[in-house]
Amino acid sequence: MQKEEILPNISISHLQIRLEELKALTNTLKSEIEMFPSGRLRIAQRNNHPEFYQVPEHSNEQGRYINKENHNLAVQLAQKDYNYRILKLINKEISYLQNYLKQTDNGKAIQNLFEKLSPVRQHLIKPVTLSDNLFLQEWLSITWQGLPFPEDAADLFTENKEKVRSKSEVIIANKLFNNDIPYRYECPLTLYSKGNKNNPVTIYPDFTCLNVHTHNEFYWEHFGMIDSPEYAQKNARKLRLYAENNYFPGSNLIITMETQTEQLSTRQVEQLIEEFLK
């Protein structure tokens, strides 16, 4: 696949969340302001001690002195003034966000430009990035040859009609399939021992998954017998190899595991899909 010069604008979802949060906060602040006493707060200094005054709205009067027994009135007026100032800043930010999202077609303008061109023009151009749809088409067009199955391997098939090696892999594959997450089963990956380009090592990750919205790939390894010392040692070496090639759990590597007594949690699989692949 061709390398994209820029990745999709993944900040858009955060900006949209921020926009909705600001709108909700605007309503909250306005409701609070309506409940506060009338007027505004003036603070004066006398003998190095603050004095509080309640001043009528839009007035240059000195205002009515607020005594200590009525200190809560000063608190409410101070909060009211703060809310007004925050509202101005929030409304300014809301305007900026709405304008940005409109001007950039919700962050998709650069991505979608290539797809809007005629096929003839597309063939003449190397785009800096692809729309999610075109990127997915290219990603799905790749073919690969996985590892062969032993003759006595159990017939375990996924909902996507693929043969896999364990019941846990059936669970993971089906969860990916039902969540419309593109994946490849045991697609070969070339890594380098200790990062040395002269020491290539080919491994077969259980699943190579694509986050369609970010165009990022994740490798998903399921370790099914970590209570076996030999199995654990083998996969510790594999994890070290991943790390030497800048693949880390929680970043671009997803790991699930189980023992004879602790089975794979389907809820955990769903959470990992939600966190990294949607």
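Which residues are exposed on the other side of H7? Pro229 and Arg240 are the ones to look for, where exposed means over 50% relative accessible area, buried under 20%, and partly exposed in between, with a 1.4 Å probe and protein chains only. Before we go on, a word on the model: it is predicted, local features need pLDDT of at least 70, side-chain atom pairs count only at pLDDT 80 or more, and totals for chains, interfaces and linings use all residues. Residues are numbered from 1 along each chain as its sequence is written, and side-chain values use heavy atoms, with hydrogens and water left out.

Let us stay with helix H7, which runs over residues 229–244; helices (H or I, at least four residues) and strands (E, at least two) are DSSP runs, numbered from the N terminus. From first C-alpha to last, the 16 residues of H7 reach 23 Å, close to the 22 Å expected at 1.5 Å a residue, the expected span being 1.5 Å times one less than the number of residues. Tyr231, Asn235, Lys238, Leu241 and Tyr242 are buried in H7. Viewed down the axis of H7, these buried residues fall within an arc of 105°, so they line one face of the helix; the arc is that of the directions from the helix axis to the C-beta atoms. Their cover includes strands E7 (189–192), E8 (200–203), E10 (216–223) and E11 (253–257). Just after H7, Asn246 takes a positive phi of about 65°.

The side chains of Lys238 and Glu221 meet in a salt bridge (3.5 Å, N to O), a term for a side-chain nitrogen of Lys or Arg within 4 Å of a carboxyl oxygen of Asp or Glu. Glu221 lies in E10 and Lys238 in H7, so this pair ties together parts that are 17 residues apart in sequence. Glu221 is buried, at a relative accessible area of 1%.

Arg184 is buried, with 6% relative accessible area, whereas Glu217 counts as partly exposed at 28%.

Arg184 also brings us to Trp144, which touches Arg184, Tyr185, Glu186, Cys187 and Pro188, not counting residues up to four places away in sequence; contact means heavy atoms within 4.5 Å. Trp144 sits in the loop between helix H5 (132–140) and strand E4 (156–157), and is partly exposed at 33%. Trp144 and Pro188 are 44 residues apart in sequence and 7.3 Å apart in space, C-alpha to C-alpha.

Finally, turn to helix H8 (residues 266–276), where Val269, Leu272, Ile273 and Phe276 are buried. They cover an arc of only 100° around the axis, which puts them on the same side of H8. These buried residues pack against helix H6 (167–178), strand E9 (207–211), E10 and E11. On the other side of H8, Arg267, Glu274 and Glu275 are exposed. Arg267 forms a salt bridge with Glu270, the closest N and O atoms being 3.7 Å apart; both lie in H8, 3 residues apart, about one turn of the helix. Lys175 joins Arg267 and Glu270 in a network of salt bridges.
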